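We will go from stop to stop, selecting a few residues each time.

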Amino acid sequence: MTGPLVLGIETSCDETGAGLVRGQELLADAIASSVAEHARFGGVVPEVASARSTAGVTLAQVDAIAVTAGPGLAGALQVGVAAAKAYSLALSKPLYAVNHLAAHIAVDQLEHGPLPQPVVALLVSGGHSSLLLVPDVAGQVVPLGATIDDAAGEAYDKVARLLGMGFPGGPPIDAAASGGDGAAIAFPRGKYRDGTFDFSFSGLKTSVARWLEARQQAGLPVPVADVAASFQEAVADVLTRKAIDACQAHDVGHLVVGGGVAANSRLRALAADRCAAAGIELRVPRPGLCTDNGAMVAALGAELAARGAPCSPLEVPADSSLPVTSVLAGPAPS
């Protein structure tokens with residue numbers, strides 16, 4: 001595999017990630033999670049060293065530095081952006097300050113090859129639930145719909161807390177749901193057939209809370225597996241139905257699913273079933289590439305570098321509210 005060798009740095013939230021990508025080949029990916037400690041303000045350099053060691057390359061061999069500039073938590077983003085600027089300046093390498101959401105789309109190329117043009121992308125995480133039309137992941141991303149309240153991953157975390165499970169809530173709910181009946185409880189599907197591509201999961205979370213409260217007040221045991229499965233079915237049902245509707249409305253034959261919640265087993269299975277029935281090709285990266293990681297940042301940086309895209313200036317800021325339409329962050333306002 002040929003192409004630019006790019007170091008990617010990701011610090012948008014709870015993880016510190018570094019990845020090395022050459023063209024569309026993943027060479028190394030190192031992640032340190034700070035979920036347990038919520039220590040969001042350090043640890044970039046050790047992960048860069050780990051990724052470099054795994055890939056067997058030196059920093060001098062790197063062609064470009066890519067970093068998540070936004071969206072995300074302001075303090076966490078600043079750590080990564082500052083580190084990337086330091087590497088860029090010290091090594092005299094171009095800097096690409098990229099969009100976190102576009103990177104979640106670009107990472108699929110590391111597993112399934114070049115993205116068709118266009119694709120529809122369903123991005124689902126703790127902070128985002130978005131449907132996007134993507135004519136060109138390195139140049140044009142068009143928002144179709146997004147959550148109007150809680151993101152899907154946020155709803156998972158809140159329901160997990162109600163059920164006495166750990167954080168983040170996705171893995172324990174998925175595990176519990178494997179032993180439950182997804183049709184046991186008819187939880188609501190927000191904005192299910194409203195004619196938009198937007199999402200709403202706040203009402204679902206509240207419905208679960210009220211169902212549990214009524215059950216406990218009646219002195220009845222809580223069927224945790226059934227609650228988890230029924231909640232998960234409601235989330236996956238809405239996400240996949242709207243994604244298929246978006247593909248059909250825009251005459252797009254490929255769907256990419258990304259973000260941390262894309263690791264969920266029921267979402268992956270239902271998306272596969274519905275895409276097959278609709279004649280749509282589904283592309284979902286392996287679970288390890290769905291969560292926040294440096295590889296996805298490096299993948300987008302490598303795509304930009306391969307095309308000779310203008311690099312970001314060293315004064316480029318971290319932008320916690322960077323819009324998805326900005327694949328590459330710009331300089332600070334004058």
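Leaving aside its neighbours within four places in sequence, which residues is A177 in contact with? Select A177 and look around it. Its partners are A225, A228, A229 and Q232. Bear in mind throughout that this is a predicted model.

**Stop 1: A177**

A177 sits in helix α6. Is A177 buried or exposed? Its relative accessible area is 9%, which is under the 20% cut-off, so A177 counts as buried. A177 and R266 are 89 residues apart in sequence. In space, their C-alpha atoms are 8.9 Å apart.

**Stop 2: α6 against α8**

Two packed helices are described by the angle between their axes and the distance between the axes. Select residues 170–177 for α6, and show α8 as well. The two axes come within 7 Å and cross at roughly 110°. That angle makes α6 roughly perpendicular to α8. The crossing is left-handed.

Which residues make this contact? From α6, pick I173, D174, A176 and A177. From α8, pick A225, A228, A229, F231 and Q232. Colour them by class: the contact has 7 nonpolar, 1 polar and 1 charged residues.

**Stop 3: α7 against α8**

The crossing here is right-handed.

Next, show the side chains. On α7, select L204, V208, W211 and L212. They meet V227, F231, A234 and V235 on α8. Try the class colours again: this contact has 8 nonpolar residues, no polar and no charged ones.

**Stop 4**

A pair of aromatic rings is described by the distance of the centres and the angle of the planes. How many aromatic pairs does the structure hold? There are 3.

One of them joins F231 to Y156. Their ring centres are 4.9 Å apart, and the planes stand at 75°. This pair is therefore edge-to-face. Y156 lies in α5 and F231 in α8, so the pair ties together parts that are 75 residues apart in sequence. Y156 is buried, at 3% relative accessibility. F231 is buried too, at 0%.

Now select F199 and F201. Their ring centres are 6.1 Å apart and their planes meet at 15°, so this pair is stacked. Both F199 and F201 are buried.

**Stop 4: α5**

Go back to Y156 and select its helix, α5, residues 152–162. Which residues of α5 are buried? They are A152, G153, A155, Y156, D157, V159 and A160. Then show what they pack against: strands β6 (119–124) and β7 (129–136), and helices α6, α7 and α8.

Finally, step just past α5 to G164. Check its backbone there: G164 takes a positive phi of about 75°.

How values were computed. Residues are numbered from 1 along each chain as its sequence is written. This is a predicted model: local features need pLDDT of at least 70, side-chain atom pairs count only at pLDDT 80 or more; totals for chains, interfaces and linings use all residues. Side-chain values use heavy atoms; hydrogens and water are left out. A crossing is left-handed if the near helix is turned anticlockwise from the far one by less than a right angle, and right-handed if clockwise. Helices (H or I, at least four residues) and strands (E, at least two) are DSSP runs, numbered from the N terminus. Contact means heavy atoms within 4.5 Å. Ala, Val, Leu, Ile, Met, Phe, Trp, Tyr, Cys and Pro count as nonpolar, Asp, Glu, Lys and Arg as charged, and the others, Gly among them, as polar. Axes are lines fitted to C-alpha atoms, for helices over the stretch in contact, and angles run from 0 to 180 degrees between N-to-C directions. Angles under 35 degrees count as roughly parallel, over 145 as roughly antiparallel, 65 to 115 as roughly perpendicular and the rest as oblique. Rings of Phe, Tyr and Trp (its six-membered ring) pair if their centres lie within 6.5 Å; planes under 30 degrees apart count as stacked, over 60 as edge-to-face and the rest as tilted. Buried means under 20% relative accessible area, exposed over 50%, partly exposed in between (1.4 Å probe, protein chains only).
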